[in-house]
Amino acid sequence: MSADIFEYAPAPESRAIVKLNSEYGLFINGKWVPPQSKKKFFSINPATEEVLARVSQGNQADVDKAVKAARAAYNKVWSKTKPKERAKYLFRIARLLQERAREFAVLESLDNGKPIRETRDVDVPLSAAHFFYHAGWADKLEYAGYGDNPKPYGVVAQIIPWNFPLLMLAWKVAPALATGNTVVLKPAETTPLTALLFAEICQQAELPAGVVNVVTGDGATGAALVNHGDIDKVAFTGSTEVGKLIASSIADRGIPATLELGGKGANIVFDDAPIDEAVEGIINGIFFNQGHVCCAGSRLLLQESIVDDFLTKLQSRMAKIRVGDPLDKNTDLGAINSAAQLSKIKELSESGTKEGANVWSAPCSLPNKGFWYPPTIFTGVTQAHRIAREEIFGPVLSVLTFRTPQEAMEKANNTPYGLSAGIWTEKGSKILWAAQQLKAGVIWANTFNKFDPASPFGGYKESGWGREGGRHGLAAYIKGAK
Amino acid sequence: MRIDVMKTYKLYIGGAFPRSESGRSYELKDKKGNFIANPALASRKDLRDAVVAAKAAFSGWSHATAYNRGQILYRMAEMLEGRTEQFVAEIKALEGVSDSVARKQVQDSIDLWVWYAGWSDKISTTSGGTNPIAGPYYNFTIPEPLGVVGVIADEKESLLGLTRGLAPVITSGNTAVLIASERLPLSAISLAEVMATSDLPAGVVNILTGSKSELIPWLASHMEVDGIDLSGADKKLDGEIKKAGTENLKRIYRFEKDASLKRILSFMEYKTVWHPIGI
């Protein structure tokens with residue numbers, strides 16, 4: 001590629017706003033406590049591999065302590081707190097998140113590797129919005145369509161992933177508290193820091209002790225939480241593989257689960273689409289958050305008549321994606337979250353080449369330290385290729401083609417997943433027809449990767465059980481609603 | 001004296017009434033020990049055929065208008081009403097209840113079909129809607145049918161057990177594979193005759209008679225079955241059925257009430273659609 005027309009000067013966001021402790025305990029019953037495991041692990045910055053803090057590894061005894069605290073808080077305080085008062089705690093949390101928004105944004109970028117542009121404009125404001133939205137539900141639940149006297153489950157076990165650490169926390173904690181449940185939250189192993197900072201917000205909001213408990217750790221900590229005998233409900237966001245394990249492990253116990261799992265979303269561009277907008281939409285669909293998005297548009301389905309022109313424009317646009325320092329305000333694509341995820345992306349990409357697809361990566365220079373992967377597309381992909389079937393969870397797009405709208409629908413639905421899909425056409429009736437045919441919980445037409453607390457999110461088929469957000473998402477935390 | 005024409009009780013798969021491909025049947029006696037029938041003892045292969053038929057019928061049935069589905073369910077109630085005597089006789093023979101108890105069960109079943117028939121074109125109104133998102137987008141959520149739902153009929157009330165399982169599943173556009181009661185299968189097969197004369201498209205409901213313990217594991221692990229109403233199964237089997245169902249994350253539920261919107265919505269998925277607003 002030729003030189004950039006405009007050279008961007010570095011525009012780094014200051015990290016001085018974040019004051020990290022060198023060590024963190026577990027947040028149980030409103031207090032910071034050392035882990036009974038006596039073990040700690042490092043949370044690192046994936047863009048530089050520098051250590052950010054030492055974090056506690058919660059074990060079974062820690063989980064037990066947290067569940068007991070949540071149970072006591074439920075029995076003694078939270079279930080007796082009037083709904084309108086519960087609402088005000090949630091409003092407080094929303095406001096505190098807004099007040100400390102920049103701090104959360106910078107910390108999220110440091111711990112996760114995602115660009116500050118996204119944490120500042122998407123993750124953090126949406127997290128605050130989720131609390132604000134659900135706060136209003138707390139004293140109006142009898143209007144939500146789940147009976148005149150909707151009741152909470154009690155103690156909810158919540159396990160969240162590393163791709164949107166604070167936002168997934170908000171998606172889980174806000175509706176659980178609004179409906180009157182107490183929570184034991186297990187953040188992802190590689191991104192625990194914003195959840196720990198959120199514990200401070202709970203303290204500032206004077207949320208009663210034990211209503212929210214944060215137990216950091218790895219998969220073993222999560223398993224201990226799911227298998228604890230005194231939880232009333234499980235809410236999990238993560239891989240389909242782990243989701244099935246959780247579903248299986250609670251099958252005998254009669255407790256319900258909400259599962260937000262993987263996806264292999266089709267982003268379908270018809271020949272009558274607004275091409276320039278569609279190119280932007282495809283870019284946003286797969287490169288937003290480094291492609292670490294369960295609802296990413298990771299399969300591009302192009303109508304044959306526009307393939308050449310579209311791919312030329314797409315590659316030209318990909319070449320302008322700015323990859324690098326997540327704290328730089330101009331950065332579009334940040335770091336891959338972990339070495340493990342990077343090797344998974346590499347392995348799947350290599351399978352694409354081996355199985356006969358053609359690879360093209362944007363010509364960008366990658367930093368020497370940290371975990372990085374360039375924006376990449378595969379053309380000549382068939383439905384049998386692993387890169388068309390398996391979730392890559394990285395900045396890698398698989399391009400398939402179709403001749404008729406019916407063929408596009410068949411290909412789009414040819415997956416065990418059913419989380420998201422995109423439709424690009426100027427023709428209204430075609431949008432509504434395609435939206436009807438597609439087996440996915442979220443359909444974006446002439447847009448992609450849009451989220452809102454009022455909009456239910458969740459998948460068909462093996463993309464999970466239940467919805468999060470909106471009136472429909474409340475059902476996940478109201479006993480007997482589903 | 002005239003010799004009765006006895007009925008051969010067969011399966012109901014894809015709108016046809018086949019015997020089990022296995023050639024098996026089992027002997028059914030009334031409460032007094034008199035021979036009644038030899039219903040088919042359905043096999044795993046029959047179950048798979050039933051799922052294939054249900055899957056094939058899904059596209060047409062789920063895309064039929066809600067008004068059309070409602071009319072067909074109502075038509076089933078009409079057919080049931082006309083065959084009341086047949087169902088009363090079968091219920092009396094197998095359940096050993098009085099004429100009035102059997103009659104009440106048939107009437108309750110008819111009324112329940114009518115109740116669910118009326119739901120078909122109201123579900124989206126009560127349970128979908130537009131969402132006030134913070135941006136220039138039009139955003140709406142609608143419930144859609146899940147796909148193929150397995151229904152396990154209960155062992156207590158022959159006809160009512162079928163009605164409360166099947167009606168909520170198909171009114172929304174799902175197709176169904178029913179495992180009939182082992183002890184009380186006559187109403188299931190007679191209900192198939194009602195369906196076959198109610199304009200219900202072939203394959204929308206498929207009915208298997210036979211051994212529950214043999215068929216349920218295959219139903220629970222079948223990758224093309226999307227949900228199961230296990231209300232009619234032994235509670236002790238819940239864990240096993242749910243575990244087998246995790247392979248494709250089946251939606252598996254047990255219900256208490258006969259007439260409830262929850263029975264309908266549990267086998268539906270919410271789809272949310274976004275589109276920009278602008279000129």
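## A hairpin in chain A

Let's start with a hairpin: β3(A) and β4(A) form it with 6 residues between them, and in the turn E49(A) has a positive phi of about 65°. Strands here are DSSP runs (E, at least two residues), helices are H or I runs of at least four, and both are numbered from the N terminus. Strand β3 (residues 40-44) and strand β4 (residues 51-56) of chain A run antiparallel and are joined by 5 bridges; two strands count as paired if DSSP finds at least two bridges between them. F42(A) has R54(A) as its bridge partner in β4(A).

A word on the model: it is predicted, so local features need pLDDT of at least 70 and side-chain atom pairs count only at pLDDT 80 or more, while totals for chains, interfaces and linings use all residues. Residues are numbered from 1 along each chain as its sequence is written, with chains lettered from A and ligands numbered from 1 in the order in which they are written.

## Where the chains meet

In chain A, 27 residues are in contact with 24 residues of chain B, contact meaning that C-beta atoms, placed from the backbone, lie within 7 Å. On the chain A side, α8 (240-249), α14 (428-437), β16 (442-445) and α15 (470-474) each supply at least two residues. The largest share, 4 residues, comes from β16(A).

By class, this side of chain A has 13 nonpolar, 7 polar and 7 charged residues. Ala, Val, Leu, Ile, Met, Phe, Trp, Tyr, Cys and Pro count as nonpolar, Asp, Glu, Lys and Arg as charged, and the others, Gly among them, as polar.

## A sheet across both chains

β16(A) also runs parallel to strand β10 (residues 268-276) of chain B, joined by 3 bridges, and V442(A) is partnered with T272(B). Both strands belong to an open sheet of 10 strands with mixed pairing, ordered β12(A)-β13(A)-β14(A)-β11(A)-β10(A)-β15(A)-β16(A)-β10(B)-β4(B)-β3(B). Its edge strands, each pairing on one side only, are β12 (358-361) of chain A and β3 (129-130) of chain B.

At the chain B end, β3(B) pairs with strand β4 (residues 137-145) of chain B in the antiparallel sense over 2 bridges; G129(B) has T141(B) as its bridge partner.

## Two helices in chain B

Helix α8 (residues 212-221) and helix α9 (residues 238-245) of chain B pack at an angle of about 35°, with axes 7 Å apart. Axes are lines fitted to C-alpha atoms, for helices over the stretch in contact, and angles run from 0 to 180 degrees between N-to-C directions. I216(B), P217(B), A220(B) and S221(B) of α8(B) meet I241(B), A244(B) and G245(B) of α9(B). These contact residues divide into 5 nonpolar, 2 polar and no charged.

Terms used:
Two residues are in contact if their C-beta atoms, placed from the backbone, lie within 7 Å.
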